[in-house]
Amino acid sequence: MDERILEIIIEVTGESSLTDALNTDLFETGLLDSLGVVNLIVELEEEYDIIISPSELEREEFNTPSKIIEVVKAKAK
């Protein structure tokens with residue numbers, strides 16, 4: 001599951017080096033913006049049949065690949 005979530009993050013950001021940098025802040029590095037977040041959420045929701053409401057997440061809870069993986073895993077239970 002972790003690998004597939006990371007693949008989706010890489011597809012949305014276009015940054016393959018994230019495989020080795022799971023704690024990279026995607027917003028600070030400019031890899032993710034508000035439109036990117038929407039695209040990422042849509043992809044994750046479709047892949048895992050979950051609902052992620054942007055309003056229920058603080059930016060700090062969804063700003064690195066490792067945090068995104070944890071959010072998706074928690075919702076997919």
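1. The model is predicted: local features need pLDDT of at least 70, side-chain atom pairs count only at pLDDT 80 or more, and totals for chains, interfaces and linings use all residues. Residues are numbered from 1 along each chain as its sequence is written, and side-chain values use heavy atoms, with hydrogens and water left out.

2. E47 lies in helix 2; helices (H or I, at least four residues) are DSSP runs, numbered from the N terminus. Leaving aside residues up to four places away in sequence, E47 touches R4 and I8, where contact means heavy atoms within 4.5 Å. The side chains of E47 and R4 are joined by a polar contact of 3.4 Å. Such a contact is a pair of N or O atoms within 3.5 Å; within protein, one must be able to donate a hydrogen and the other to accept it, and residues adjacent in sequence count only if both atoms are side-chain atoms. Along the chain, E47 and R4 are 43 residues apart, while their C-alpha atoms are separated by 9.1 Å.

3. Helix 1 has 12 residues and reaches 16 Å from its first C-alpha to its last, close to the 16 Å expected at 1.5 Å a residue; the expected span is 1.5 Å times one less than the number of residues. Its buried residues are I5, L6, I8, I9, I10 and T13, and they pack against helix 2 and helix 3. Just after helix 1, G14 takes a positive phi of about 75°.

4. In helix 3, P65, I68, I69, V71 and V72 are buried. These residues lie on the same side of helix 3, because they cover an arc of only 165° around the axis, taken from the directions from the helix axis to the C-beta atoms. An α-helix has 3.6 residues a turn, so residues three or four places apart point the same way. The buried residues of helix 3 pack against helix 1 (2–13) and helix 2.

5. N63 is placed in the loop between helix 2 (34–48) and helix 3 (65–75). N63 counts as buried because its relative accessibility is 8%. Its side chain makes polar contacts with the side chains of D25, at 2.9 Å, and K67, at 3.2 Å. Apart from residues up to four places away in sequence, N63 touches T24, D25, L26 and F27.

Methods:
Helix = DSSP H or I, 4+ residues; strand = E, 2+ residues; numbered from the N terminus. Buried < 20%, exposed > 50% of the residue type's maximum accessible area, 1.4 Å probe, protein only.
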